[in-house]
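Hi everyone, thanks for making time. Please have a look at the sequence and the model, and then I'll walk you through two spots.

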Amino acid sequence: MPPKKGDKKDNNKSDSNKGKGKGKKDEESSASGSSKLKTANSVNVRHILCEKHSKAVEAMEKINEGTSFNKVAQEYSEDKAKSGGSLGWMVRGSMVGPFQDAAFALQPSTVDKPVTSEIIKTVHGYHIIMVEGRK
């Protein structure tokens with residue numbers, strides 16, 4: 001009989017502890033994940049810059065269809081980074097506000113399977129951003 005009472009108590013306690021523990025772990029991992037993002041001082045950035053929002057939307061559709069980021073950049077980007085959209089390593093403080101915020105919020109990815117930002121509006125136009133590396 002004692003195991004039944006213990007099982008019920010343990011189950012209740014372990015359920016409530018598990019719920020709290022999981023939440024705590026999730027908070028810790030998300031906090032450590034966001035702190036990782038905050039500690040990077042530079043990012044290896046690619047972007048697609050378009051003067052018109054409609055052109056940026058077309059470019060985003062191509063990326064979502066599976067076309068590699070660098071090919072879309074060559075076709076759609078309207079700046080000097082037309083060769084695949086690469087801007088190289090950029091340090092914090094060297095980019096305009098919204099662009100920098102988006103770049104440092106992104107996880108690194110590859111041009112074939114890019115993790116991109118939403119379309120970002122800056123004084124230069126409309127950007128689609130991806131990050132290849134962080135340090």
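I'll start with a pair of helices and then turn to a pocket.

This is a predicted model, so to speak of local features we need pLDDT of at least 70, and side-chain atom pairs count only at pLDDT 80 or more, while totals for chains, interfaces and linings use all residues. Residues are numbered from 1 along each chain as its sequence is written, and side-chain values use heavy atoms, leaving out hydrogens and water.

So, how do helix α2 and helix α3 pack? Helix α2 covers residues 53–64 and helix α3 covers residues 69–76 (helices are DSSP runs of H or I, at least four residues). Their axes, lines fitted to C-alpha atoms over the stretch in contact, lie 9 Å apart at an angle of about 155 degrees, on a scale from 0 to 180 degrees between N-to-C directions. That makes α2 roughly antiparallel to α3 (over 145 degrees). From α2, the contact (heavy atoms within 4.5 Å) uses K55, E58, A59, K62 and I63; from α3, F69, V72 and Y76 take part.

Now for the pocket. The largest pocket holds about 190 Å³ of space. Which residues line the largest pocket? They are H47, L49, D79, L87, M90, S94, M95, V96, F99, H124 and H127. Strands β1 (42–50) and β2 (86–91) each give at least two residues to that lining (strands are DSSP runs of E, at least two residues).

Definitions and conventions: Parallel < 35°, antiparallel > 145°, perpendicular 65-115°, else oblique. 1 Å grid on protein atoms, 1.4 Å probe; cavity = no way out; pocket = protein on both sides within 12 Å on 5 of 7 lines; lining within 4 Å. Points joined across faces, edges and corners; volume = space filled by probe spheres on them.
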